[in-house]
Every structure is written in structure tokens, then in C-alpha cells.
Amino acid sequence: MALMAGVIRRLDEVVVNRIAAGEVIQRPANAIKEMLENCLDAKSTSIQVIVKEGGLKLIQIQDNGCGIRKEDLDIVCERFTTSKLQKFEDLASISTYGFRGEALASISHVAHVTVTTKTADAKCAYRASYCDGKLKAPPKPCAGNQGTQITVEDLFYNVTTRRKALKNPSEEYAKILEVVSRYAIHNSGISFSVKKQGDTVADVRTLSNATTVDNIRSIFGNAVSRELIEVGCEDGKLAFKMKGYITNANYSVKKCMFLLFINHRLVESTALRKAIETVYAAYLPKSTHPFLYLSLEIAPQNVDVNVHPTKHEVHFLHEDSILECMQQHIESKLLGSNSSRMYFTQTLIPGVECSSTEVVKSVASSSFTAKGTGDKVYAHQMVRTDSRDQKLDAFLQPINKPLSTGHTALTLDGGTGLSDGRFRQQDTEMEDLNDFDTMVAAPGDSVMTPEVQKESGRLTPETVPTRKRQWTGSDVEMEEDDTRKGMTAACTPKRRIINLTSVLTLQEEISSQAHASLQEMLRDHSFVGCVSPQWALAQYQTKLYLLNTTQLSQELFYQILLYDFANFGVLRLSEPAPLYDLAMLALEDPESGWTDDDGPKEGLAEYIVEFLKKKIEMLKDYFSLEIDEDGNLTGLPLLIDNYVPPLEGLPMFILRLATEVNWDEEKECFESLSKECAMFYSIRKQYIVEESDLTSQQTEELGSGSSSSWKWTVEHIIYKAFRTHLLPPKHFTEDGNILQLANLPDLYKVFERC
């Protein structure tokens with residue numbers, strides 16, 4: 001016999017509404033919850049609940065809120081009628097309890113509903129009765145107080161199966177008390193009362209001026225309230241805030257009492273319950289549980305409230321991170337509140353008179369009261385590096401060109417300028433640090449000639465005593481500190497006090513834009529290695545970051561130039577470098593953008609020389625950039641010990657000094673000049689030859705140490721300077737200069753799935 005296909009029919013509207021009502025209103029406590037939330041949305045300060053036979057015979061809830069307009073009484077019990085939502089997008093920022101408009105509609109399909117309400121501007125109250133979501137008769141005027149009173153009679157009168165399943169009124173009444181009690185604790189500024197019809201004394205009663213702890217004491221007793229610990233934490237990145245009360249290790253019960261509100265909505269979270277009970281497992285006896293009241297406030301756009309018919313579950317973003325943050329905070333609070341513990345002991349020695357339930361109090365040792373001491377560190381949270389550790393190669397400075405980040409060094413030929421208009425590659429020009437001329441020069445003072453003059457053509461740094469640098473809003477004298485060597489060589493023995501308003505303003509701009517979290521990360525990072533001259537890897541705690549060395553070093557030198565303004569040492573050229581030749585080299589570079597319309601290169605080069613010669617005094621006094629009267633560059637500022645800028649960029653630096661610096665306004669001049677100088681000093685890929693780019697013959701000529709010298713400089717000079725001298729600006733978090741590549745907890749999750 002062939003199977004016949006069933007006929008699909010459209011259900012009657014009455015059947016649809018009753019099915020929906022059965023999902024939303026599962027028992028009297030659900031009806032109470034829905035109506036309580038309506039009262040709270042109406043800004044009530046007093047809510048009274050009267051119940052008969054566990055809510056099956058009668059539920060009456062009265063508030064003093066804003067009431068319902070007479071015009072809205074016609075549709076108040078119809079499905080999807082609400083004053084809190086207009087379009088679906090509003091769900092993304094919903095902050096009220098109700099939004100579907102199904103509560104009263106669902107109740108009216110399974111019970112007889114009567115609404116009595118009065119608004120503040122109405123002359124009298126109005127009463128209306130409903131059945132199956134429809135108004136039985138027009139609203140009638142009557143006497144009444146401001147607010148709304150909703151009476152629900154004969155709940156589930158037309159759903160016989162459901163009514164028979166709820167045959168125990170006492171059990172239903174207990175669940176009603178539980179729901180109202182939880183809302184009473186969370187809404188401490190509102191008075192609640194619940195009682196059975198005919199009783200004179202309320203089973204739950206709170207006052208409008210009572211605190212949260214008072215309400216907990218009133219509902220759960222002194223045994224809970226005297227052991228409470230207040231908790232609270234927030235995280236701007238995760239956009240959440242948590243507050244509440246938990247019991248300490250002295251309190252434990254057989255059943256966990258967990259009151260959880262997310263955005264003031266009573267919900268359940270199995271994951272959060274397990275996470276917190278995992279913390280308590282180390283403190284409470286086996287098979288016992290704490291009392292927990294927690295209120296989470298999460299950005300509305302991160303929460304999806306429309307995932308359950310009764311709205312007792314919600315989903316939110318970053319759940320794992322939020323749970324971990326709450327777990328750590330609660331564990332720290334439990335450790336910090338361990339000053340006393342209560343134990344029930346049993347006397348086992350015969351003949352000693354002692355109660356078998358004697359309470360013994362012992363003061364915990366101070367080591368347990370210290371915050372953070374004894375924190376349990378899980379494997380996926382363990383930091384296995386220490387930023388204070390030193391590497392052996394920090395003491396093995398590369399022999400070949402230790403101060404240069406490139407493979408070429410600037411050398412000058414006699415007095416005839418630069419041969420062929422180009423820099424010659426010299427693989428032995430830069431030797432060990434001990435081969436350099438060392439001089440001490442304070443700005444404005446004459447430079448002392450060394451006793452032994454080294455061969456010409458070398459760039460020699462003038463070393464100065466290192467001092468502790470402090471970032472402050474003004475330029476003040478630094479105190480010597482022999483216990484710590486500062487990275488910068490800019491602090492001269494006679495430090496000048498600079499009170500120029502323009503410089504102080506630029507310093508203040510740097511301080512105001514500093515990002516505290518990035519500064520902490522750079523201060524305590526562990527250097528992993530160089531990916532390329534532009535990018536490097538660093539670890540901080542359990543996270544791996546990719547950092548833009550070029551941009552960070554440029555910002556570092558910019559800040560050093562402003563904070564040590566007019567207090568630099570000097571990197572002196574023992575053979576002067578003609579500005580004219582440098583300018584010609586720059587103009588021949590396509591990067592300069594020179595065209596025939598700009599005029600002959602020789603004329604432009606002569607103009608640059610004459611222009612910079614007019615600025616000799618200012619450049620030397622403020623920036624230790626020394627140019628002699630013949631138009632030769634004789635010295636560069638020494639910004640960091642053991643660091644010489646990539647000299648291949650010197651011609652373009654001279655060109656940009658004349659063309660890109662705003663010489664008209666003081667503040668703009670110092671700012672643009674510092675930025676150009678910082679760009680020249682920064683680690684730039686185009687001026688560094690990587691080992692992979694060299695031929696085998698070049699590698700042999702340069703030696704194995706040359707290819708790694710720039711890496712040594714980056715790790716042990718540049719990134720070491722980042723720890724103490726860089727205030728990273730906030731825009732580094734957004735422009736991709738600092739990127740998080742991996743996180744240890746996430747990696748553990750990946751491997752757990754494998």
C-alpha cells in the first residue's frame with residue numbers, strides 16, 4: 001500500500017497563541033517574573049505580590065510606576081505590542097527587561113487577566129478585562145492609585161495537562177518566593193513584598209532604603225550576610241563591569257545559591273557557575289557550595305537577549321575572556337579575605353570533655369593574606385619568560401661595524417669631496433668600539449682634541465657619563481645615579497634647563513598621548529627576534545606581538561630629541577663632509593623627486609648649502625648638528641650610546657632639512673626638524689642589507705659578523721631603549737604598528753581540539 005502524504009494545514013490562531021503561551025509561561029513563577037520586569041521597566045519603587053494556591057488560583061501584582069495610558073488598554077494584551085522596541089536594530093542596544101510584547105498576551109491566553117491602571121496625568125484609574133489577548137469590554141473608570149495592578153486568575157484553566165502537572169501549590173509558591181527574592185536583592189532601591197492571600201505577614205519583604213547586604217540578610221539570614229565579601233572588577237577592552245557579593249571560605253552549603261544578573265536581567269549561566277565553583281573547590285569542603293550574587297554589565301551591543309522564550313539565557317561576546325577575568329578577581333578576593341577560618345572538629349581523645357561540634361577559629365598566616373601570594377597559575381596562563389633575563393650575546397658585540405646598522409660606512413676622500421659622487425663601501429672602516437675616538441663635549445663648549453688622533457675618515461662618538469633619565473613635563477636637572485646606566489647619551493655633565501614654551505608644549509603632547517598598557521608591554525617585554533629590519537617579535541606575558549621597529553624607533557628618537565632638547569653629545573666626523581656633495585647625491589636619488597622643472601641640480605645644491613649655513617648657530621646649539629663656515633658637516637647629535645644612524649640616509653636627510661622643515665614658526669620648526677632627524681636615525685629597511693640579499697662573494701668579504709650586526713643593534717640597543725625611554729602613543733594600538741599574533745590560552749584550546 002502506497003504511503004499517503006500528510007496534508008499541511010495552517011493552525012488556528014487560538015492554537016498558535018496557546019502553544020506560544022505555553023513556551024513563555026511554563027509555571028506561575030514565570031508569570032510573576034514577566035510582570036515584575038514590567039513593573040521595573042515602569043520605574044516603580046514599590047511592588048506588592050499576593051498569591052493564592054501557589055499562583056494557580058490568583059496572582060495579583062501592584063506597582064506605583066508610570067501606569068498604562070487608556071488609549072493603549074485596547075491592545076495591551078495582544079502579541080508583539082510593546083513600548084520598548086520599534087525596529088529589529090533596537091535589539092542591539094536594548095536596556096529594558098521587556099521587548100517582545102508577549103508577556104501579558106501569553107498570560108491572557110491561559111488565564112483571566114484584569115488590568116487596573118492610572119497614569120500621573122489621568123483624573124481616574126481604568127479597569128479592563130482580557131481573554132485570549134482581546135479586550136472583553138471597553139475600559140471602565142474606577143478609583144485607584146497611580147501605577148498598575150494586574151490580577152491573573154485561574155492560570156492554565158484551559159490547559160488541563162499543564163494544570164495537572166503543577167499539582168503542588170507549596171512548591172510553586174516556593175519558586176515564586178525565589179524569583180521575587182532575587183529581584184529584591186538586585187534592586188536594592190525598590191521595596192518588594194510577597195504574601196499569600198489572607199495572610200497579614202509577608203514571607204518576603206524589603207524596604208526601599210535598604211542596601212543589598214540588608215536585603216540578603218533579610219531573605220537569607222545572618223549566616224550568609226556576615227560572611228559576605230564585596231567583589232567588583234571591570235575591563236574597558238572587554239566592555240564589561242562586574243559587581244556583587246560572594247561568601248568567604250567560612251560559609252558553605254549543600255546547594256549552590258547563585259544569583260546572576262546580566263544587564264539587570266535574571267539569567268542562568270552554567271559556564272560561569274562552573275568557573276566560579278572551580279575556584280571555590282580549593283577552599284570549601286567537598287560537595288559544598290558558596291552563596292553568590294553577581295551583577296554583570298556588558299555593552300548592550302555585545303549581548304544577544306533574544307535566544308530563549310523565557311529570556312533566562314543570554315549569549316554575549318568574549319565569554320571565555322570575561323569568565324577568566326572574573327575567575328581571577330574572585331580568587332584574589334578569597335585569598336585576601338583568609339584572615340579567619342571556621343572548622344567543625346570532633347574530639348577523638350577519650351576522657352576529654354569537648355563538644356563534637358566545637359567551632360575553632362584560627363588566624364591564617366600572613367603569607368596567605370598577602371594579595372597575589374599563592375595564586376594558582378594554570379599551565380595555559382603560565383609566563384615562562386622573564387624580561388629581566390640577559391642573553392649571552394648581549395656581551396658579544398659584533399666585531400665588524402658594531403655601531404652601524406648597515407654594511408656601508410660614510411667615508412670622505414681628502415678635500416676633493418666624494419669620489420664619483422657616490423659613497424664607497426668600506427668593509428673595514430668601522431671597527432671595534434675601542435678603536436673610536438672618545439671625547440666629551442657639552443653643547444656650546446669647545447671640543448677637546450684627543451691625545452691620540454685616529455686615522456681620518458672615521459665617525460667617532462663623543463661619549464659622556466650616562467645618567468638616569470626621568471620623563472617629566474619640564475626640563476629639569478638630572479641627578480646622577482650610579483646604580484643604573486641610562487640608555488641615552490644625550491645627558492651631558494652640565495645639563496641645560498630649557499624653558500622654551502614650544503618645547504614644553506611638544507613634550508606635553510607626547511605625555512598626554514601616551515598609552516599606559518603599551519608602555520608597560522614595552523617595559524616588560526622579552527625580545528624574541530628580528531623578522532626583518534622593519535619587523536621584530538616580542539613576548540609580553542602570554543602574548544606574542546609583531547612590532548614595527550621602523551615606526552617605534554622613529555618615535556623613540558623623536559621623543560629623545562624633545563626631552564633632551566639642547567643637551568646632546570656629538571658624533572664627530574674627523575673628516576668634514578661637504579654639504580654640497582651630500583645635496584648632489586640626494587638630488588640624484590629618484591626619492592628626491594627632482595625634475596628638470598626644478599632647475600639645475602648644482603644650483604639647488606648651492607642653495608641648500610647657503611640656506612643651512614644661515615642656521616648653523618641654531619642647529620649646533622639646540623641639536624648638536626655641527627656645520628662649519630665652509631659648508632661642511634662636522635658633527636651629528638649622539639642620541640643613544642653605541643648607536644650611529646644608518647649613514648646611507650645622510651644625503652636625503654640634508655636635502656629634507658632644507659625642504660621639509662618649517663623654519664618660519666618656532667614650534668613647527670622644532671617639531672618638523674625633530675621628526676626629520678628621527679626619521680634619519682630610525683631603523684629603515686632600505687638602508688640595511690640583509691644576509692639573504694648578499695652574494696656568496698659579498699658574504700665572504702663582509703664576514704659572518706656583519707650580517708648580524710644590525711640585528712644585534714636592534715635587540716640590544718634599540719629595543720633596550722624602548723623599555724625606559726619610549727612613551728608609545730595611543731595610535732599605535734590602531735594603525736597596525738603593534739599586532740598581537742598569538743595568545744597562549746588560545747593555543748591551548750587549539751591543541752586540546754587536536
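**Close-up views of the predicted model**

**View 1. Tyr719 and Phe722 in helix α20.** Helix α20 (residues 704-725) holds both Tyr719 and Phe722, which are 3 residues apart, about one turn of the helix. Helices here are DSSP runs of H or I with at least four residues, numbered from the N terminus. The model is predicted: local features need pLDDT of at least 70 and side-chain atom pairs pLDDT 80 or more, while totals for chains, interfaces and linings use all residues. Residue numbers start from 1 along each chain as its sequence is written, and side-chain values use heavy atoms, without hydrogens and water.

The structure holds 16 aromatic pairs. The ring centres of Tyr719 and Phe722 are 4.7 Å apart with planes at 65 degrees, so this pair is edge-to-face (centres within 6.5 Å; planes over 60 degrees apart). Tyr719 is buried at 1% relative accessibility, and Phe722 is buried at 1% as well (under 20% relative accessible area, 1.4 Å probe, protein chains only).

**View 2. An aromatic cluster.** Phe557, Tyr643, Phe653, Phe680 and Tyr681 are linked into a cluster by ring pairs.

**View 3. Lysines over rings.** Lys601 lies over the face of Trp594, 4.7 Å from the ring centre. The charged end of Lys675 sits over the ring of Tyr558, at 5.9 Å from its centre (NZ of Lys within 6 Å of the ring centre and within 35 degrees of the ring normal).

**View 4. Packing of α14 and α17.** Helix α14 (residues 579-588) packs on helix α17 (residues 650-659) at about 95 degrees, with axes 8 Å apart (axes are lines fitted to C-alpha atoms over the stretch in contact; angles run from 0 to 180 degrees between N-to-C directions). The two helices are therefore roughly perpendicular (65 to 115 degrees).

Definitions and conventions
Rings of Phe, Tyr and Trp (its six-membered ring) pair if their centres lie within 6.5 Å; planes under 30 degrees apart count as stacked, over 60 as edge-to-face and the rest as tilted. Buried means under 20% relative accessible area, exposed over 50%, partly exposed in between (1.4 Å probe, protein chains only). Angles under 35 degrees count as roughly parallel, over 145 as roughly antiparallel, 65 to 115 as roughly perpendicular and the rest as oblique.
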